[in-house]
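Visitor: Hi! I'm new to this one, could you walk me through it?

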Amino acid sequence: MKISVIMPIYNGEKYIESSINSIYNQSFNDIEVICINDGSTDNSLNILKDLKIKYPSLKILNQENRGSGLARNRGIQEASGEYIAFLDCDDEFLDSESLKIMIKAGIKYNADVVSANIMGIDFNDNIVRTYNLPYITEEKIILPEEYGIPYSYYKNLFKREFLLDNKIEFPNLKRGQDPVFFSKILTTVSEIIDVPVDFYGYRYSSNYSLDKIDSYKKQYDYILHFRKCFDILSNSNFNKTLNMYKETFFKYLNFFEDNKKNIQLYNIIYDIFSDNKYNILTKCDSFFDIPSISIIVPVYNVEEYLEDSLNSIFNQSFSNFEVICVNDGSTDSSRDILEKFSKKNNNIKIIDQENRGCGSARNIGLKNASGEYVYFFDPDDILKENALEKLYANAKSNNSDIVLFKYSLLVDDSIEESSNYNIEKIFKNVDFNDFSFKYSAIKHYILNSSFAPWCKFYSRNFLELFDDFNFPENLAFDDVVFHVKTMLRSNKLSFVPEVLYKYRISNPNSVNKKSTNAQDIFWICDIVEVFLRENEFYDEFESEFINFKIYQILYYLISSNSVVYYIMTCKEFDKIETFKDKISSEIIDEYNYVLSSNTYEEYRVFKNAPVIYEDKNNLDEINLIINQLKIENETLKNENKHLIDKISDCEENYDKLISSRSWKLTSPLRKIKNKIIK
């Protein structure tokens, strides 16, 4: 065979027949056609089988879906032709004399590559000129760098021996494999023969590759193909072609308006071109309209502190951020203060919602965030002026999922030190600007303390990996669940060993201080336990979880001022009795005293707390519990009566049995049986 035509096929039923007909309509007939069915799910394979009846020499190879690049590689290995041509199953060979003209030139010059013209087939099946490459008007020899950027490999004829000897094949990419393949050819071949024939027809209506970049993997591979091409061209000093293809890269970025706000694309580019070898990141930064940080601020009735808190954000040394303030139905002047700031700062967004709680507000903010990183800020606290700068630098240098940092306590405008994270004592003498770790190294901090999101700095790309990375709504302590899920699933944690945040503990309106929400901690503990079990963390954290649950429940037992809370506590602690040996010595005494106390009042006396009287709402709750217990008691009584009746029936039947005539008649037989058994 002189020429092998290789055609990968995946769901191409619409055009396969016309494509294959265009091959067999060539005047040159010393050819083989190899069709690789790449796991098609439409009628493609049946059409191929029908075409084989018409063209007996047609070869059909079947494989699971592995992509067109690997399908073409298989075709190269299976081919027997001296030269190889490629045709996609929705394209056509145009001029019936083209293969004859090209093989004639190949033999004449002993060429490794013969190139002809590529034309477009538009949406109305009209043949049109394509302007990606120069139009060939005469037969001539050109140098490979005169070819242009590595497009349209399929308008060429390749010597099979040249491909095999130089180990040139298609990379395993979902998108962009063609330019990588042809970059290797351009930088390996010594010359290319141009022939003036309209050879290849590229069908725009089905081949529009940019529209097919519709998943993360395809987008990643498409950007990766640019990097691979740049490396190949750079290593061979094809600087002119390299610069042309760099311009193609930026044309792709500009092609879709949505790309400007595509944080996924932004992160992919920074991942693949992190060394900035080709000096494209600065231009990329100017292209993307993406803030580096999205600061999410849930706002509810915080007029006393809001201005100082927002000023601590807008006075940051780092400026590329957006502030998303979710006004959660404030009834004071908080909304007016937000409006005042928005008139002075164009990077603040205000979202209003009815009072639905802090968790809901944070979730709304997260949905509207467009930054590379996300930071949650409470509107009564203070952020140190260099906090964002340090956090962003640490996150970028470590490629972190989460950055942890220290905070101090703010009490009536006086600062008290806090020791929330003492990670520098775990990792001694390390440069935290170039050091990351996993949760297992700081296991103590997962279920122990510092659950708040404002002492962490998150990669938005990481937060988008899991659908359940959100805050439980209509529950207090929502940050506990978010903390546990994100910390355990992160692959790269890092740390800034500095106090960057002042947490105000003197605000009585803070969600975490509302005793009316205290019972929510029981639901939070349940949610955490379900997550640990479903994600196979529970065995690893069983002791930590038991102590976490006891500590969290005890923490609010006095401040709740609720007999109901006490009853719920006793019920939960009863369940833990089996695991009593796992309870920390620090809380075992109080745990025991809860269970040994006869009443809530008795427990409060033990804690030196005043005896309280329930308000009407609490009494209603108590009555509800009492009624439920009464129902349970009646149910148990009925079950007990039923069991007593069954026992009575059994006894009655037994008496009837042993007094029956048959029982007496069979007595000798039973005696004989007993002797035999003995």
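**A first look at the helices**

Guide: Let's start with a pair of helices: α17 passes α18 in a right-handed crossing. A crossing is right-handed if the near helix is turned clockwise from the far one by less than a right angle, and left-handed if anticlockwise. Before we go on: this is a predicted model, where local features need pLDDT of at least 70 and side-chain atom pairs count only at pLDDT 80 or more, while totals for chains, interfaces and linings use all residues. Residues are numbered from 1 along each chain as its sequence is written, and side-chain values use heavy atoms, with hydrogens and water left out.

Visitor: At what angle do α17 and α18 pack, and how far apart are their axes?

Guide: The angle is about 15° and the axes are 9 Å apart; α18 covers residues 520–534. Axes are lines fitted to C-alpha atoms, for helices over the stretch in contact, and angles run from 0 to 180 degrees between N-to-C directions. The two helices are therefore roughly parallel to each other (under 35 degrees is roughly parallel, over 145 roughly antiparallel, 65 to 115 roughly perpendicular, and the rest oblique).

Visitor: Which residues make that contact?

Guide: From α17 come Asp478, Val480, Val481, Val484, Lys485, Leu488 and Arg489, and from α18 come Ile524, Ile527, Val528, Phe531 and Leu532. Contact means heavy atoms within 4.5 Å. By class, there are 9 nonpolar, no polar and 3 charged residues. Ala, Val, Leu, Ile, Met, Phe, Trp, Tyr, Cys and Pro count as nonpolar, Asp, Glu, Lys and Arg as charged, and the others, Gly among them, as polar.

Visitor: Let's zoom out. How many helices and strands are there?

Guide: The protein has 25 helices and 19 strands. Those are DSSP runs numbered from the N terminus: helices are H or I with at least four residues, strands E with at least two.

Visitor: And what's the radius of gyration?

Guide: It is 37 Å, whereas a compact globule of 678 residues would come out near 26 Å. The radius is taken over C-alpha atoms, and the globule rule is 2.2 Å times the number of residues to the power 0.38. Along the principal axes, the C-alpha atoms fill a box of roughly 105 × 95 × 50 Å.

Visitor: What share of the residues is buried?

Guide: Of the 678 residues, 51% count as buried (under 20% relative accessible area; exposed is over 50%, partly exposed in between, with a 1.4 Å probe and protein chains only). As for contacts between residues at least 6 apart in sequence, 78% of them join residues at least 24 apart.

Visitor: How does α8 pack with α10?

Guide: α8 and α10 (residues 263–272) pack at about 40°, axes 10 Å apart, and that makes α8 oblique to α10. Their crossing is right-handed. Tyr220, Ile223 and Leu224 in α8 are among the residues that meet α10, where Leu265, Ile268 and Ile269 are included.

Visitor: Now single residues. Is Ser408 buried or exposed?

Guide: Ser408 counts as buried, at 2% relative accessibility. This residue is found in strand β16, residues 402–411. Beyond four places in sequence, Ser408 touches residues including Glu416, Val499 and Tyr501.

Visitor: And where does Leu51 lie?

Guide: Leu51 lies in helix α2, residues 44–54, and counts as buried at 3%. Leaving aside neighbours within four places, Leu51 is in contact with Ile16, Glu17, Ile20 and Leu58.
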